[in-house]
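Here is a short tour for a first look at this structure. Keep the sequence and the 3D view side by side as you read.

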Amino acid sequence: MSTLLEVDDLRVNFPTRTGLVQAVRGVSFSLGRERLGIVGESGSGKSQTGRAIMGLTPPQAEVKAKKLAFDGIDLLAAPARQRRALRGKRIAMILQDPKYSLDPVMSIGRQIVETLRTHEKVGKAEARDRALAMLEAVQIRDPARVFDLHPHEVSGGMGQRAMIAMMLIAGPEMMIADEPTSALDVTVQLDVLGILDKLVSERGMGLIFISHDLRLVSSFCDRVIVMYAGKVVEQLKASELRDAQHPYTRGLLNCMPRIGFERHPLPVLDRKPEWAA
Amino acid sequence: MNAALSIDGLEVVFDRFRALKGVSLEVKSGDSFGLVGESGSGKSTLLKAIAGLVPAASGSIAVNGKTLGTRRDKAFYREVQMVFQDPYGSLHPRQTVDRLLQEPLAIHGFADGEKRIQRALDEVGLGTGFRFRYAHQLSGGQRQRVAIARALILEPSILLLDEPTSALDASVQAEVLNLLEEIRRRRKLTFLMVSHDLAIVTHMCERLMVMQNGEAVENLTASQLIGHRVTKDYTRNLLRASEGFVRTA
Amino acid sequence: MSAEAIQSRRDWLLSDRPASRMQARLGRAYVAWRRFSANRLAFVGLLIIIGLLVVAAFADVLAPYSPTIGDLKGSRLLAPSAAHWFGTDDLGRDIYSRIIYGSRWTLYVVILVAIIAAPIGLLVGTVAGYAGGWTDAILMRITDIFLAFPKLILALAFVAALGPGIENAVLAIAITSWPPYARIARAETLTVRNSDYIKAVQLMGASPFRIVLRHIMPLCISSLIIRVTLDMAGIILTAAGLGFLGLGAQPPLPEWGTMIASGRRFVLDQWWVAGAPGFAILIVSLGFNLLGDGLRDALDPRSGEQ
Ligand SMILES: Nc1ncnc2c1ncn2[C@@H]1O[C@H](COP(=O)(O)OP(=O)(O)OP(=O)(O)O)[C@@H](O)[C@H]1O
Ligand SMILES: Nc1ncnc2c1ncn2[C@@H]1O[C@H](COP(=O)(O)OP(=O)(O)OP(=O)(O)O)[C@@H](O)[C@H]1O
Ligand SMILES: [Mg+2]
Ligand SMILES: [Mg+2]
């Protein structure tokens with residue numbers, strides 16, 4: 001399997017008023033044309049890892065890595081113009097917060113059309129058709145109506161799917177999906193995962209799937225990285241997630257409610273300082 | 001007569017689009033009632049219609065036996081409060097936690113504000129250390145706790161919860177769910193809770209309603225759902241989908 | 001103060017768990033100040049504006065001569081010298097003294113315009129944006145009508161109707177400068193009015209009036225302050241323009257625009273008569289512009305908070 005992305009010893013630091021915040025502390029992995037899951041609790045650095053790869057880290061942060069290469073292109077050395085060209089066209093990222101990432105005063109359809117037209121030379125009518133087709137592909141009922149709605153007029157799940165449609169429309173080779181399905185109901189969630197899955201198996205896209213739903217990740221991905229406090233604590237095959245060894249991974253699995261298992265109150269994580277070492 | 005909330009034939013229309021097509025439902029006082037269903041099926045719209053944030057085209061809503069008109073009065077907001085889905089969007093970016101909690105007290109003219117704020121923060125497990133922070137100084141779970149404290153400060157009897165944990169990670173989700181359960185027990189609250197996670201709904205609720213495309217599909221008890229004793233295909237699909245992703249190829 | 005005391009005070013201000021309302025507010029102001037003062041040019045702008053304030057406050061002390069009574073016999077149109085730093089004008093008045101007193105009128109115009117125009121714009125914009133529908137349509141059409149005319153022409157028309165004089169000039173400028181503020185406030189309101197945090201306040205039972213006043217306006221104010229500061233230069237120039245056309249301040253008032261107007265007759269031979277007030281306008285406008293840019297970086301709600 002050819003390697004799309006190589007990450008070696010990635011570090012993201014935020015100099016803040018109260019000292020240095022080390023959001024990502026030496027993360028290494030490589031990605032082929034496969035589905036790689038990143039799980040971990042809130043603040044463990046999942047999104048910052050994805051953003052660093054995309055080049056979307058806030059300007060005040062510093063990003064360092066021994067190696068950060070996409071398809072042989074050294075991302076850290078690449079000029080800003082080249083990275084911009086990669087972004088959206090060859091690498092896409094579904095951002096975590098659709099409500100914040102969509103423009104509140106522009107209709108959903110127009111946002112998708114504009115995204116398409118910045119990457120490809122297509123006519124207005126064709127762009128509209130493709131945007132509608134994309135909305136339909138992400139299982140939105142009545143895409144023509146949703147096309148003209150503004151972000152506050154769609155449901156949480158529809159906003160999230162609009163965001164997915166926007167990212168898929170340029171046909172990227174690598175996709176970073178940051179909690180892409182957290183606001184979707186389970187059936188639509190599976191439909192969306194089905195789309196991503198097809199892109200991986202048929203078009204050979206590389207997918208990084210960031211999520212805190214361990215159950216979903218274990219059934220959907222090929223490999224899983226478990227992160228805690230900016231570090232990778234465990235890397236395993238998705239199918240083996242259920243027999244994970246690390247107490248943190250086990251704790252995360254354990255605190256999710258399960259159908260048919262009554263536990264009141266739910267167990268919560270008891271964090272140990274040595275996990276972060 | 002102990003229905004905390006009874007809704008009959010509720011319709012909501014947005015420019016000719018029928019988001020709710022005659023939904024009826026009854027929640028007993030002290031119960032916890034779940035709403036599950038397809039994305040875009042009108043779950044949030046149902047909660048917003050109850051709260052008066054979107055107008056109902058027809059149908060009736062009664063809270064504690066009193067039928068509501070089109071305008072909600074102040075007394076209504078002391079009975080019914082809501083917690084939103086997105087903890088990052090539901091707190092004012094320029095106000096401290098203290099200011100956020102003071103606002104409802106000021107609107108309703110409470111004199112013992114100091115004590116109530118103190119108590120509300122304690123109740124959701126945030127010490128006074130958080131009282132003068134801004135939203136951007138809080139984590140997702142802490143924000144959701146503040147949102148819950150804000151909803152509780154007027155001492156409502158009914159709490160509308162719109163996916164209160166879907167933006168939170170598994171461990172924080174467990175903390176918030178435990179908190180909600182404990183508060184419900186202590187204050188004898190009635191919950192109407194939207195979630196797309198069947199496991200959460202069966203964990204939190206005794207009864208639930210499945211919705212699709214603006215309509216109620218079926219009404220179930222949690223144990224019926226757990227035992228897969230469901231009658232409609234859509235509900236069966238939901239149950240199957242909750243088991244995780246299955247690769248078809 | 002010892003280094004330690006300064007350090008502990010700074011920690012107190014920057015604490016991420018403030019213990020009182022006051023501390024939270026001061027901490028926030030301090031962060032904005034740090035961001036502002038990290039910008040050199042903005043700091044220069046601030047110094048210029050502070051200089052203007054000081055000069056205006058101590059004009060009596062700083063000015064060596066009377067601004068209105070000149071020596072017609074001995075000192076008409078003298079070139080800059082040790083006795084008259086910026087020379088004298090055709091009535092033998094010391095230009096340096098006139099410029100110093102003129103700073104008061106400049107401040108007077110700028111502050112009054114800001115006090116009148118910014119609140120009108122803020123109110124119209126937020127109400128239109130929040131209410132939507134008919135209210136929005138009507139208010140915005142009115143705004144558009146004002147925007148359709150060039151500012152100076154509209155101000156000219158108002159002064160012509162109200163009669164010349166500095167008060168009327170201020171009024172005319174204020175009336176013509178609120179529409180852009182209304183636009184900004186409305187745009188900002190539109191982006192926040194559907195947010196969950198505004199819905200949450202509605203759910204507390206707050207009246208629309210309270211929501212606009214206490215929850216929406218505070219979000220618009222920083223972009224407005226920035227815009228007003230950046231507009232200050234324009235206001236000064238419009239006031240000067242009106243003065244130049246004889247419709248603003250009336251002689252012998254030492255207003256900078258009026259001074260340029262009366263100096264234009266000698267601009268080729270005695271350049272300092274018009275040049276000195278022109279230079280003063282340039283410096284002060286530049287100061288406001290630099291300050292505005294700095295404020296934009298320091299106050300922008302989108303930078304560094306999320
Ligand atoms: N602008 C910033 N300044 C300082 N620290 C930051 C900034 N942005 C992020 N961080 C820190 O970086 C760490 C990692 O954040 P990140 O967003 O990657 O978490 P995450 O794993 O995606 O969590 P979640 O599941 O909540 O999305 C956090 O501890 C956060 O506080
Ligand atoms: N203000 C509005 N204007 C127009 N249509 C709206 C508006 N608000 C909601 N809708 C429509 O109503 C339908 C139901 O939306 P709602 O938010 O209730 O869905 P939901 O069941 O909560 O879905 P999710 O699980 O994705 O949050 C959607 O099709 C949405 O587009
Ligand atoms: Mg994240
Ligand atoms: Mg919803």
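## The six-stranded sheet of chain A

Chain A holds an open sheet of six strands, with mixed pairing and the order 7-8-9-3-10-11. Strand 7 (91-94) and strand 11 (231-237) of chain A stand at the edges. Each has a single partner strand, so one side of each is left without a neighbour in the sheet. From one strand to the next, the twist averages 15°. This model is predicted, not an experimental structure.

Strand 3 (residues 35-40) and strand 9 (residues 206-210) of chain A run parallel and are joined by four bridges. A:Arg35 has A:Leu207 in strand 9 of chain A as its bridge partner.

## Helices on that sheet

Helix 1 of chain A packs on the sheet. It touches strand 3, strand 7, strand 8 (174-178), strand 9 and strand 10 (223-228) of chain A. The direction of helix 1 makes about 150° with that of strand 7 of chain A.

Helix 10 of chain A lies across strand 3, strand 10 and strand 11 of chain A. Helix 10 runs at about 100° to strand 10 of chain A.

## Ligand 1

Polar atoms of the protein meet oxygen atoms of the ligand. A polar backbone atom of A:Gly45 is 3.0 Å from an oxygen atom of ligand 1. For A:Lys46, a polar side-chain atom lies 2.8 Å from an oxygen atom of ligand 1. A polar backbone atom of A:Gln48 is 2.8 Å from an oxygen atom of ligand 1. Taken alone, ligand 1 exposes 640 Å², and the protein buries 72% of that.

## Ligand 2, between the chains

Where does ligand 2 lie? It lies between chains A and B. The residues that surround ligand 2 number 20. The closest are A:Arg145, B:Ser39, B:Gly40, B:Ser44 and B:Thr45. Helix 7 (156-168) of chain A supplies at least two residues of the shell, as do strand 2 and helix 1 of chain B.

From chain A, a backbone N or O atom of A:Gly156 lies 3.4 Å from an oxygen atom of ligand 2. From chain B, a backbone N or O atom of B:Ser41 lies 3.2 Å from an oxygen atom of ligand 2. A polar side-chain atom of B:Glu163 lies 3.5 Å from an oxygen atom of ligand 2. Alone, ligand 2 exposes 640 Å², of which the protein buries 92%.

## The four-stranded sheet of chain B

Chain B has an open sheet of four strands in the order 2-1-4-5, with antiparallel pairing. Its edges are strand 2 (17-28) and strand 5 (66-67) of chain B. Each has a single partner strand, so one side of each is left without a neighbour in the sheet.

Strand 1 (residues 3-14) and strand 4 (residues 58-63) of chain B run antiparallel, joined by five bridges. B:Glu11 stands opposite B:Ser58 in strand 4 of chain B. Helix 1 (residues 43-51) of chain B lies across strand 1, strand 2 and strand 4 of chain B. It runs at about 110° to strand 1 of chain B.

## A buried loop residue in chain B

B:Thr165 sits in the loop between strand 7 (158-162) and helix 6 (170-187) of chain B. Is B:Thr165 buried or exposed? At 4% relative accessibility, B:Thr165 counts as buried.

Leaving aside neighbours within four places in sequence, B:Thr165 is in contact with B:Gln173, B:Val176, B:Leu177 and B:Ile200. With B:Gln173, there is a polar contact between the two side chains (3.4 Å).

## Backbone details

The peptide bond from A:His264 to A:Pro265 is cis, with omega near -15°. A:Pro265 lies in the segment after helix 10 (247-254) of chain A.

Two residues other than glycine have a positive phi. For A:Gln139, phi is near 65°. A:Gln139 is in the loop between helix 5 (124-137) and helix 6 (143-147) of chain A. With a relative accessible area of 39%, A:Gln139 is partly exposed. For B:Arg16, phi is near 75°. B:Arg16 is in the loop between strand 1 and strand 2 of chain B. B:Arg16 counts as exposed, at 81% relative accessibility.

Methods
Residues are numbered from 1 along each chain as its sequence is written. Chains are lettered from A and ligands numbered from 1 in the order in which they are written. This is a predicted model: local features need pLDDT of at least 70, side-chain atom pairs count only at pLDDT 80 or more; totals for chains, interfaces and linings use all residues. Side-chain values use heavy atoms; hydrogens and water are left out. Buried means under 20% relative accessible area, exposed over 50%, partly exposed in between (1.4 Å probe, protein chains only). A polar contact is a pair of N or O atoms within 3.5 Å; within protein, one must be able to donate a hydrogen and the other to accept it, and residues adjacent in sequence count only if both atoms are side-chain atoms. Contact means heavy atoms within 4.5 Å. Two strands pair if DSSP finds at least two bridges between them. Axes are lines fitted to C-alpha atoms, for helices over the stretch in contact, and angles run from 0 to 180 degrees between N-to-C directions. Accessible areas come from the Shrake-Rupley method with a 1.4 Å probe; for residues, only the protein chains shown count as cover. A residue is near a molecule or strand if one of its heavy atoms lies within 4 Å of it.
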